[in-house]
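Welcome! Please take a moment with the sequence and the 3D view below, and then read on for a short tour.

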Amino acid sequence: MAEAEEDCHSDAVRIGDEGNESPAERDLQAQLQMFRAQWMFELTPGVGSGNVETRSCRAGRSSVLKADTRGRQELAKEEKARELFLKAVEEEQNGALYEAIKFYRRAMQLVPDIEFKITYNRSPDGDGVGSGYIEDNEDTSKMADLLSYFQQQLTLQESMLKLCQPELETSQTHISVLPMEVLMYIFRWVVSSDLDLRSLEQLSLVCRGFYICARDPEIWRLACLKVWGRSCMKLVPYSSWREMFLERPRVRFDGVYISKTTYIRQGEQSLDGFYRAWHQVEYYRYIRFFPDGHVMMLTTPEEPPSIVPRLRTRSTRTDAILLGHYRLSQDADNQTKVFAVITKRKEEKPLDHKYRYFRRVPVQEADHSFHVGLQLCSSGHQRFNKLIWIHHSCHITYKSTGETAVSAFEIDKMYTPLFFARVRSYTAFSERPL
């Protein structure tokens with residue numbers, strides 16, 4: 001009660017004083033009251049500029065935490081996809097294709113491009129395809145020269161080099177007892193005159209000793225001489241004959257170059273004259289090269305599955321096939337071109353004795369030969385798999401007069417590029433001479 005009476009007394013005194021104050025003092029008191037009110041308002045919890053700054057800091061921290069959490073989730077998702085993809089590779093290697101497809105699908109759902117984020121590292125023993133992966137090329141550089149590495153792993157036994165050893169004990173004679181000269185003869189027989197170097201590379205996967213034999217410089221030197229002749233007497237700028245065969249532009253012998261041409265042709269008008277038919281024409285060109293310089297060319301509407309098997313050897317019985325020779329030429333601009341001269345197979349017509357006494361009008365006989373020029377290119381991940389037309393002409397030589405007429409065809413959209421299709425086009429092992 002005493003405190004209340006004092007407050008009332010002080011208010012009364014303040015009111016009495018306010019009556020005696022000047023206008024300037026009143027303005028000063030009003031400003032002071034406004035300052036006190038604003039100060040008390042800022043000190044109130046949950047209100048004020050300090051709280052705004054605190055909220056902004058908290059919002060920044062929460063955004064950083066969210067970004068960090070999102071990054072960790074992406075890494076966890078990629079790691080899970082990598083595990084599923086490698087599991088699928090392992091299942092596929094074991095023959096469980098159905099299970100492999102399920103794991104592949106789950107991995108692709110998590111990370112669509114997971115296949116391109118994994119680099120495989122195959123061990124020298126070749127036990128598994130997807131057993132390991134690497135993210136960089138630091139470890140692969142150590143195994144760059146497998147030839148020298150495998151040669152260091154070989155052991156000397158009984159004063160002779162052992163290229164391979166039997167994995168299991170056997171009472172039969174193992175191939176490792178054969179001398180080096182006989183083994184090299186077998187490897188040259190595998191290559192054969194068809195230059196079946198693909199089979200040679202598959203043979204090198206058997207063991208370390210076979211890998212060394214397959215890298216014999218003499219085998220690859222003979223292959224280069226077979227393709228380029230005397231123009232490859234010098235090894236420079238390549239480091240080995242194998243590198244020259246793989247890197248130097250050449251036509252490929254393990255398949256057929258194929259092009260498909262499609263165009264629209266106007267047909268004849270109907271009898272009533274109300275409409276005119278249009279025909280869509282499709283046909284294929286096939287070119288097959290051989291290591292000995294021979295070439296075959298065929299133009300037909302039949303599709304590749306029925307034609308390619310017939311072009312495996314030169315002794316095909318396919319009608320309308322053109323045979324000839326080709327050569328490689330490298331210009332100053334480092335563009336490799338293929339020039340070929342092909343003719344139609346000559347067929348001996350039997351004499352018709354039924355009309356041998358009748359006088360027939362003599363027919364002027366002529367030989368037709370086609371001169372073809374192509375430019376060798378690479379497209380995509382494959383090398384030397386594309387041929388572009390440069391020129392195509394027909395030379396007609398009359399036997400009676402010896403004159404030659406040349407008719408050049410215009411290279412237009414009808415001459416589509418030929419793309420290589422790899423097929424099993426070599427002679428079977430059972431048909432190769434010893």
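## How to read this model

Helices (H or I, at least four residues) and strands (E, at least two) are DSSP runs, numbered from the N terminus. This is a predicted model, in which local features need pLDDT of at least 70, side-chain atom pairs count only at pLDDT 80 or more, and totals for chains, interfaces and linings use all residues. Residues are numbered from 1 along each chain as its sequence is written, and side-chain values use heavy atoms, with hydrogens and water left out.

Let us begin with Leu200, which sits in helix α7 (residues 197–203). Its relative accessibility is 0%, so Leu200 counts as buried; buried means under 20% relative accessible area, exposed over 50%, and partly exposed in between (1.4 Å probe, protein chains only).

Setting aside neighbours within four places in sequence, Leu200 is in contact with Phe187, Val190, Val191, Ala214, Ile219 and Trp220, where contact means heavy atoms within 4.5 Å. Between the C-alpha atoms of Leu200 and Arg188, twelve residues apart along the chain, there are 8.8 Å.

## The two sides of helix α4

Now look at helix α4 (residues 97–110). Its buried residues are Ala100, Phe103 and Ala107. Seen down the axis of α4, these buried residues fall within an arc of 70 degrees, so they line one face of the helix; the arc is that of the directions from the helix axis to the C-beta atoms. The face turned away from the buried side of α4 carries the exposed residues Tyr98, Arg105 and Gln109.

## A stop at Lys117

Lys117 is found in the loop between α4 and β1 (119–120). With a relative accessible area of 31%, Lys117 is partly exposed.

Notes
The expected span of a helix is 1.5 Å times one less than its number of residues.
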